[in-house]
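Please read it alongside the sequence and the structure shown here.

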Amino acid sequence: MKPSVFLADEQDEDVSAEPLRQLVFNTFTHERYPNEVEVTVVLVDEGAMTSYNERFMDKTGPTDVLSFPLEHLVYDTAPTYQVGEPPINLGDVIIAPTYVRRQAEERGVAFEDEMALMVVHGMLHLMGWDHLTEDDADYMEAREAAILKTIGKKRP
């Protein structure tokens with residue numbers, strides 16, 4: 001059994017779904033998560049992202065990625081799956097590809113590399129990671145780099 005990755009594409013930017021799914025699988029493997037987990041990745045336009053950002057984060061305008069965890073997880077500690085129970089639903093990762101494309105252009109990196117970073121970043125938030133302090137940010141960035149390396153990418 002593999003983890004379940006539901007991908008909903010609700011926007012017009014051309015994005016290949018399979019590399020995103022594979023990156024979610026790699027993140028689960030790298031973080032030693034059980035196979036009985038599921039996550040939803042939703043690709044939205046900037047209007048929808050602005051709505052999510054304002055409604056749930058109390059911030060103005062769009063952003064690149066938001067994570068909405070359903071479980072309260074502790075970083076670096078995988079949840080335990082109980083046989084016979086439903087899969088552990090971690091929550092949703094929402095990404096605005098048009099925003100990410102613009103951000104990639106501004107940073108001078110490939111769109112696919114920036115999208116990969118957004119997937120990993122969002123997944124780590126679902127797994128309890130955060131970047132509220134400088135030390136937490138450094139550790140989370142190192143984690144992102146290690147996961148991206150599993151697909152032959154460097155953290156942009």
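## Salt bridges

A search of the whole structure finds nine salt bridges, a salt bridge being a side-chain nitrogen of Lys or Arg within 4 Å of a carboxyl oxygen of Asp or Glu. This is a predicted model, in which local features need pLDDT of at least 70 and side-chain atom pairs count only at pLDDT 80 or more, while totals for chains, interfaces and linings use all residues. Residues are numbered from 1 along each chain as its sequence is written, and side-chain values use heavy atoms, with hydrogens and water left out.

One of the salt bridges joins the side chains of Arg143 and Glu31, with an N to O distance of 2.8 Å. Because Arg143 lies in helix 5 and Glu31 in the loop between helix 1 and strand 2 (37-44), this pair ties together parts that are 112 residues apart in sequence; helices (H or I, at least four residues) and strands (E, at least two) are DSSP runs, numbered from the N terminus. Both Arg143 and Glu31 are buried, where buried means under 20% relative accessible area, exposed over 50% and partly exposed in between (1.4 Å probe, protein chains only).

Another salt bridge is formed by the side chains of Glu114 and Arg107, at 2.6 Å from N to O. Glu114 counts as buried because its relative accessibility is 0%. Arg155 in turn forms a salt bridge with Glu144, and the closest N and O atoms of that pair are 2.5 Å apart. Here the link runs between distant parts of the chain, since Arg155 is in the segment after helix 5 and Glu144 is in helix 5, 11 residues apart. Arg155 is partly exposed at 30% relative accessibility, whereas Glu144 is buried at 1%.

## A network with two positive phi values

Salt bridges that share partners join Glu31, Arg32, Asp76 and Arg143 into one network. Most residues other than glycine have a negative phi, and most peptide bonds are trans. In Arg32, however, phi is near 60 degrees, a positive value in a residue other than glycine, and Asp76, which is not a glycine either, has a positive phi of about 65 degrees.

Arg32 is placed in the loop between helix 1 and strand 2 and counts as exposed, because its relative accessibility is 57%. Asp76 belongs to the loop between strand 3 (65-69) and strand 4 (88-95), and at 35% relative accessibility Asp76 counts as partly exposed.

## Helix 1 against helix 5

Two packed helices are described by the angle between their axes and the distance between the axes. Helix 1 (residues 17-30) packs with helix 5 at an angle of about 120 degrees, their axes being 9 Å apart; axes are lines fitted to C-alpha atoms, for helices over the stretch in contact, and angles run from 0 to 180 degrees between N-to-C directions.

At this packing, Leu23, Thr27 and His30 in helix 1 meet Arg143, Ala146, Ile147 and Leu148 in helix 5, contact meaning heavy atoms within 4.5 Å.

## Individual residues

Tyr33 is found in the loop between helix 1 and strand 2 and is buried, with a relative accessible area of 9%. Not counting residues up to four places away in sequence, Tyr33 touches Phe28, Leu73, Thr77, Ala78, Pro79, Leu90 and Met127. By C-alpha atoms, Tyr33 and Met57 are separated by 27 Å, although they are 24 residues apart along the chain.

Thr40 has its place in strand 2 and counts as buried at 19% relative accessibility. When neighbours within four places in sequence are left aside, Thr40 is in contact with Phe6, Gly91, Asp92 and Val93.

Lys153 lies in the segment after helix 5 and counts as partly exposed at 24% relative accessibility. With neighbours within four places in sequence again left aside, the contacts of Lys153 are Glu112, Asp113, Ala116 and Leu148. Lys153 and Glu112 are 41 residues apart in sequence, and their C-alpha atoms are 9.8 Å apart in space.
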